[in-house]
Amino acid sequence: MALTGDPDFRATTFIIVDFETTTPTGRPAQPIEVAALALRLHNGTWQERGRSTSLIRPPAFAPVTPADTAQTGLTADQLANAPDS
């Protein structure tokens, strides 16, 4: 039986988590966004069951650079009033 034919698989909601980060030179990556997407297979098609996203203001030593914006689509202005980590 194919995995998608398994009733337990079809009854499972999968949560996909994604992080976006800044990449300060010489330091670990710093989170600036966390997002989650809930999906469940229904009649052979993945259907969204929920989603959430939260912005995080980076610390001063890890500002959003043009390279970060090009990679993530997020700007320093968008994160200026976000809660810090």
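Tutor: Let's go through the strands, a salt bridge and a surface patch.

Tutor: Before that, this is a predicted model, where local features need pLDDT of at least 70, side-chain atom pairs count only at pLDDT 80 or more, and totals for chains, interfaces and linings use all residues. Residues are numbered from 1 along each chain as its sequence is written, and side-chain values use heavy atoms, with hydrogens and water left out.

Student: What order do the strands of the open sheet have?

Tutor: Strands (E, at least two residues) are DSSP runs, numbered from the N terminus, and two of them pair if DSSP finds at least two bridges between them. Here three strands make an open sheet in the order E1-E2-E3, with antiparallel pairing. E1 (14-22) and E3 sit at the edges, as each pairs on one side only. From one strand to the next, the twist averages 20 degrees; angles like this run from 0 to 180 degrees between N-to-C directions, with axes fitted as lines to C-alpha atoms.

Student: Which side chains meet in a salt bridge?

Tutor: Side chains of opposite charge can pair when their charged atoms come close. The rule asks for a side-chain nitrogen of Lys or Arg within 4 Å of a carboxyl oxygen of Asp or Glu. The count by this rule is one salt bridge: Arg51 with Glu48, at 2.8 Å, N to O.

Student: Are those two buried or exposed?

Tutor: Buried means under 20% relative accessible area, exposed over 50%, and partly exposed in between (1.4 Å probe, protein chains only). Arg51 is exposed because its relative accessibility is 62%, and Glu48 is partly exposed because its value is 44%.

Student: Which residues form the nonpolar patch on the surface?

Tutor: A patch takes residues with over 30% relative accessible area and no salt bridge, and nonpolar side chains (Val, Leu, Ile, Met, Phe, Trp, Tyr) are joined within 5 Å. Phe14, Ile16 and Trp46 make this one, with about 280 Å² of accessible area together, by the Shrake-Rupley method with a 1.4 Å probe. Trp46 lies in E3 (residues 45-55) and is partly exposed, at 43%.

Note on methods. Patches are made of residues with over 30% relative accessible area and no salt bridge: like charges are joined within 9 Å, nonpolar side chains (Val, Leu, Ile, Met, Phe, Trp, Tyr) within 5 Å. Helices (H or I, at least four residues) and strands (E, at least two) are DSSP runs, numbered from the N terminus.
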